[in-house]
Amino acid sequence: MERTLWVVGTLAFFVVCVWLMYRGWQRRAASQAERIGELPTVPAELGAQVLEPTTGLYLGSTIAPSWQDRIAVGDLGFRATAELTRFERGILLQRDGATVIWIPEESITAVRTERGHAGKVMTEDGVLVIRWKLPTGTEIDTGFRGDDKTVYPAWAREMTGDEQG
């Protein structure tokens, strides 16, 4: 009987911990909702493709400049396999099982590589990070770990070329 009580107590403790984590995530999303607002919609015309699509893992988005302040609004905080493509009018991030993220060209402030993002730590320059401004004015970082990291310099170079042009 004593063993059964220990098992039931441990299971109850586990359920309470999971429920508290869920409630914390909901409260975080509610507190961020106004700062995040509505994401830009994908326009009908994307312009010419500037860089070839690259596949990888969407790591999540964080409120800049903190690489660990994960956004909990909608599905922005969830990791997903994704494809990243650069067009003349912006960056298209198509995620499996999640909404598409459109980053308009005029919203992009930086494209760089980092060691970590959204709680995920990699080797040096293992994560491609896109810093951009939402329509609300909030600046966020979107992290992407590409399957082929040799494409990162082209992404960073393309941003540098845009700033000079």
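**Exercises on a predicted chain**

In the protein chain, take the contacts (heavy atoms within 4.5 Å) between residues at least 6 apart in sequence: 60% of them join residues at least 24 apart. This is a predicted model, where local features need pLDDT of at least 70, side-chain atom pairs count only at pLDDT 80 or more, and totals for chains, interfaces and linings use all residues. Residues are numbered from 1 along each chain as its sequence is written, and side-chain values use heavy atoms, with hydrogens and water left out.

**Exercise 1.** Compare the reach of helix 1 with its expected span.

*Solution.* 
- Step 1: helix 1 covers residues 2-36, which is 35 residues.
- Step 2: the expected span is 1.5 Å times one less than the number of residues.

**Exercise 2.** Which residues of helix 1 are buried, and what do they pack against?

*Solution.* 
- Step 1: buried means under 20% relative accessible area, exposed over 50%, partly exposed in between (1.4 Å probe, protein chains only).
- Step 2: Ala-29, Gln-32 and Ile-36 are buried in helix 1.
- Step 3: the buried residues of helix 1 pack against strand 1 (49-63) and strand 9 (139-146).
- Step 4: look just past helix 1, where Gly-37 has a positive phi of about 65°.

Methods:
Helix = DSSP H or I, 4+ residues; strand = E, 2+ residues; numbered from the N terminus.
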